[in-house]
Amino acid sequence: MRVRRSLKNLIYGSASQAISSLLNFVVRYALIHTLGATAVSLNGLFTEVLAVLSMAELGVGSAIVYHLYGPLKENDEERLARLMNLFRTAYRLIALAVFVIGLALLPWVHLLVSRMEIDLGYLRFIYFLFLVQTASSYLFSYKTALLNADQKVFVVSQCTLIARVFSAAASIAFLFLTGNYIVYLLIQIITTVSINISVSVKANRLYPFLKRKEKLPCAEAKEVLANIKYLFIEVLSGKITNSTDNILISTMVGTLHIGAYSCYTMLIHAMSSLMIQLHHATTGSIGNLVAEGNNNYTETVLRRLTFITYCLTIVGVVGIYTVSTPFIHLLYGKDYLLPMPVVFVCVMNLLIYCIKNPLWYMMTVSGLFAQNKNISLTGDFLNLMVSILLGRKLGILGILLGTSCTLIIQYALKGWVLFHRFLYVDGMKYIALVMKILCTGIVCILCAQAVCIRLMVSNLYFQVLLYGFCSVAITIGINFMAFHSNREFQYAVDIIKSLLGGRA
């Protein structure tokens, strides 16, 4: 049952994300060809500014989801209703906090923009619309957490896909008809609200107990709030690591450079979002597994998930590295290209970001909230220090290297905490697997690029197809030679056989 639900969530989530990513490329094409680099750059900048601002969530989501696994397993509707009422109140306060803090920052938003001429009133109004979208996203989204914990992510995927299709169609039509960026942003706000309302309606039908008004006992509420206190630093850490690159690029290198960088990050985010769907699909299963207390088997599952994540990620990582430049040249023009060393660091960060996710989710469902805070602070400090120091000398490359340092150090420290403070099992097998994965990944990237640059192809369409085919073939070949004797590889093969045989 656990595997079947995870696979259903994965199929729906991946299909939804794949279609959404494809629509994003088309919408980005419309943005660039109707409004130019200024709108694209501001879009990337304010998306990350509000992502940092939404740290006001303070870890509420992760903390309460962690507390949902027990009552879901016991079918304790009364306790679930009480937790969800606390969740609702917290998220309404979050929405208010995000909006108030965002308004307080409004007079100084122009300080984030450099080397670009733009009307101050227009800039502030655009920021205000982004703020409204972010704040409104919290009004109903708390019910998504219950669906995630109950392994029903496919419900969210269905609602999201329908809304994204209509949003993309409306955005493209209005961009080409009016060329108005304000209208485009209003459509995004409507889409966000529509998704949350539809998910809320679905959740109410699936869980009638959500209509109850019971409150959580003070003792349990204090326990949840204590976990939230520790998770605040964890959430803030993730925001600083993942949502400050565009801000630093804008202030240190120039706002218009975000336009080119965001074209590559769109490809990267498409890949990382697909992988997040994998982990959303399995988080409920991981929570149930951890609750059973079989630590040796939990460590085995962690290695299996890490390897499967790598297998799915590395094909995309190598493909992005070899294909992204001709693809962006073809779709958006040569003015949006980045140097290959910058692209290499981007894809390596993507690889590390994806393969770490099973460990991150395992830490969350294990309840290791307090232990995370020092790790998060250490990573954030290094991220900002390295990004600022190297950014002054190397520009975008230096800023991205700061992110690399954070990911590597947090990965190592969180692995140590999980194995020594929760599982109490030997972590050498996991460490050996991760090191082999990273080394093999680098070999795949370098070999694929070495072959592709020797293919003399002038037609960009054919170049994209040929580079993509070579990247996939080389990546599969190298990884088969490297991992065919691994137990994790055999497990992945068994999963594929069971899917093909209809026994999943």
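A residue is called buried when its relative accessible area is under 20%, exposed when that area is over 50%, and partly exposed in between, as computed with a 1.4 Å probe on protein chains only. By this rule, buried residues make up 54% of the 504 residues in the protein. This is a predicted model, in which local features need a pLDDT of at least 70 and side-chain atom pairs count only at pLDDT 80 or more, while totals for chains, interfaces and linings use all residues. Residues are numbered from 1 along each chain as its sequence is written, and side-chain values use heavy atoms, with hydrogens and water left out.

**View 1. The protein has 18 helices and zero strands.** Helices (H or I, at least four residues) and strands (E, at least two) are DSSP runs that are numbered from the N terminus. Contact means heavy atoms within 4.5 Å. Among contacts between residues at least 6 apart in sequence, 85% join residues at least 24 apart.

**View 2. Helix H5 packs against helix H8 (residues 181-206).** Two packed helices are described by the angle between their axes and the distance between the axes. Axes are lines fitted to C-alpha atoms, for helices over the stretch in contact, and angles run from 0 to 180 degrees between N-to-C directions. The axes of H5 and H8 are 9 Å apart, at an angle of about 10°, and the two helices are therefore roughly parallel to each other. Angles under 35 degrees count as roughly parallel, over 145 as roughly antiparallel, 65 to 115 as roughly perpendicular and the rest as oblique. Among the residues that meet here are Phe125, Leu129 and Gln133 in H5, and Leu185, Ile189 and Asn196 in H8. By class, the contact of H5 with H8 has twelve nonpolar, five polar and no charged residues, where Ala, Val, Leu, Ile, Met, Phe, Trp, Tyr, Cys and Pro count as nonpolar, Asp, Glu, Lys and Arg as charged, and the others, Gly among them, as polar.

**View 3. Helix H6 (residues 142-149) crosses helix H7 (residues 153-178).** The axes of H6 and H7 come within 7 Å and cross at roughly 130°, and the two helices are therefore oblique to each other. Thr144, Leu147 and Asn148 of H6 meet Val153, Val155 and Val156 of H7. The residues of this contact divide into four nonpolar, two polar and no charged.

View 4. A pair of aromatic rings is described by the distance of the centres and the angle of the planes. Rings of Phe, Tyr and Trp (its six-membered ring) pair if their centres lie within 6.5 Å, and planes under 30 degrees apart count as stacked, over 60 as edge-to-face and the rest as tilted. By this rule the count comes to 15 aromatic pairs. One of them is the edge-to-face pair of Phe25 and Phe327, with 5.7 Å centre to centre and 85° between the planes. Phe25 is buried, with a relative accessible area of 13%, whereas Phe327 is partly exposed at 23%. Phe46 and Tyr127 also form an edge-to-face pair, with 5.7 Å centre to centre and 65° between the planes. Phe46 is buried, with a relative accessible area of 0%, and Tyr127 counts as buried at 2%.

**View 5. Thr475 is placed in helix H17 (residues 460-483).** Thr475 is buried, with a relative accessible area of 1%. Leaving aside neighbours within four places in sequence, Thr475 is in contact with Ile314, Val315, Val318 and Cys444.

**View 6. Asn75 and Tyr424 each have a positive phi without being glycine.** Most residues other than glycine have a negative phi, and most peptide bonds are trans. Asn75, with a phi of about 55°, is in the loop between helix H3 (60-74) and helix H4 (77-105). Asn75 counts as exposed, at 57% relative accessibility. Tyr424, with phi near 55°, is found in the loop between helix H15 (396-423) and helix H16 (428-452). Tyr424 is exposed, with a relative accessible area of 61%.
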